[in-house]
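I opened this notebook to record what I looked up in one structure. The entries follow the order in which I consulted it.

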Amino acid sequence: RPFPLKGHEGSTEGALALMSAAKLGRFWPMAVYTFRHYSEFHPAVLADWAGFSGMDREAFEKVMAEDRTRDALSEVKKEGLRAKVEATPTLVINETVYRGGQTFEELDKILKPLADKR
């Protein structure tokens, strides 16, 4: 889930963009595009990135401007704060908090036992 950080310029807009992409069924294409072009990030490019991610630009801008999208982001942020998220990336799996980037091997160690229990 998005977790905008106060000290990161544009993080709220970026998070709103991801929430909007999710509502339009294009979260993962938008997330992948955003991570691939992270060094070019600026709120002004988000509608273009939505188009590159397969969304109708006008529909994206409409969803992004809706109060309910901002409200949903606020709830996601509160959920993160309750889970003691302080920075990104942070993973919360079964109420256990993992801070910082995890390697594939580390994630495999965490997730494999959970998958084996299924």
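**Entry 1: Thr12.** I began with Thr12, which counts as partly exposed because its relative accessibility is 32% (buried means under 20% relative accessible area, exposed over 50%, and partly exposed in between, with a 1.4 Å probe and protein chains only). I noted that the model is predicted, that local features need pLDDT of at least 70 and side-chain atom pairs pLDDT 80 or more, while totals for chains, interfaces and linings use all residues. Residues are numbered from 1 along each chain as its sequence is written, and side-chain values use heavy atoms, with hydrogens and water left out.

I located Thr12 in helix 1 (helices are DSSP runs of H or I with at least four residues, strands are runs of E with at least two, and both are numbered from the N terminus). Leaving aside neighbours within four places in sequence, I found Thr12 in contact with Pro4, Arg70 and Leu73 (contact means heavy atoms within 4.5 Å). Thr12 and Leu73 are 61 residues apart in sequence, yet their C-alpha atoms are 8.7 Å apart in space.

**Entry 2: helix 1 and helix 5.** I then looked up how helix 1 meets helix 5 (residues 67-82): their axes come within 10 Å and cross at roughly 110° (axes are lines fitted to C-alpha atoms, for helices over the stretch in contact, and angles run from 0 to 180 degrees between N-to-C directions). Helix 1 is therefore roughly perpendicular to helix 5 (angles of 65 to 115 degrees count as roughly perpendicular, under 35 as roughly parallel, over 145 as roughly antiparallel, and the rest as oblique). Among the residues that meet are Thr12, Leu16 and Lys23 in helix 1 and Arg68, Thr69 and Leu73 in helix 5. By class, I recorded six nonpolar, three polar and three charged residues in this contact (Ala, Val, Leu, Ile, Met, Phe, Trp, Tyr, Cys and Pro count as nonpolar, Asp, Glu, Lys and Arg as charged, and the others, Gly among them, as polar).

**Entry 3: Thr69.** Apart from neighbours within four places in sequence, the contacts of Thr69 include Leu16, Met19, Ser20 and Lys23.

**Entry 4: helix 1 and helix 2.** I compared this with helix 1 (residues 11-23) against helix 2 (residues 27-36), which pack at about 150° with axes 7 Å apart. Helix 1 is therefore roughly antiparallel to helix 2. Ala17, Leu18, Ala21 and Ala22 of helix 1 make the contact with Phe27, Met30 and Ala31 of helix 2. I recorded seven nonpolar residues there, no polar and no charged.

Entry 5: Most residues other than glycine have a negative phi, and most peptide bonds are trans. Lys84 is not a glycine, but I read a positive phi of about 70° for it. Lys84 is in the loop between helix 5 and strand 1, and counts as exposed because its relative accessibility is 56%. Pro89 is found in the loop between helix 5 and strand 1; a cis peptide bond joins Thr88 and Pro89, with omega about -5°.

**Entry 6: the strands.** Finally, I found strand 1 (residues 90-93) joined to strand 2 (residues 96-99) by four bridges, the two running antiparallel (strands pair if DSSP finds at least two bridges between them). Val92 stands opposite Val97 in strand 2. The two strands form a hairpin with two residues between them, and Asn94 in the turn has a positive phi of about 50°.
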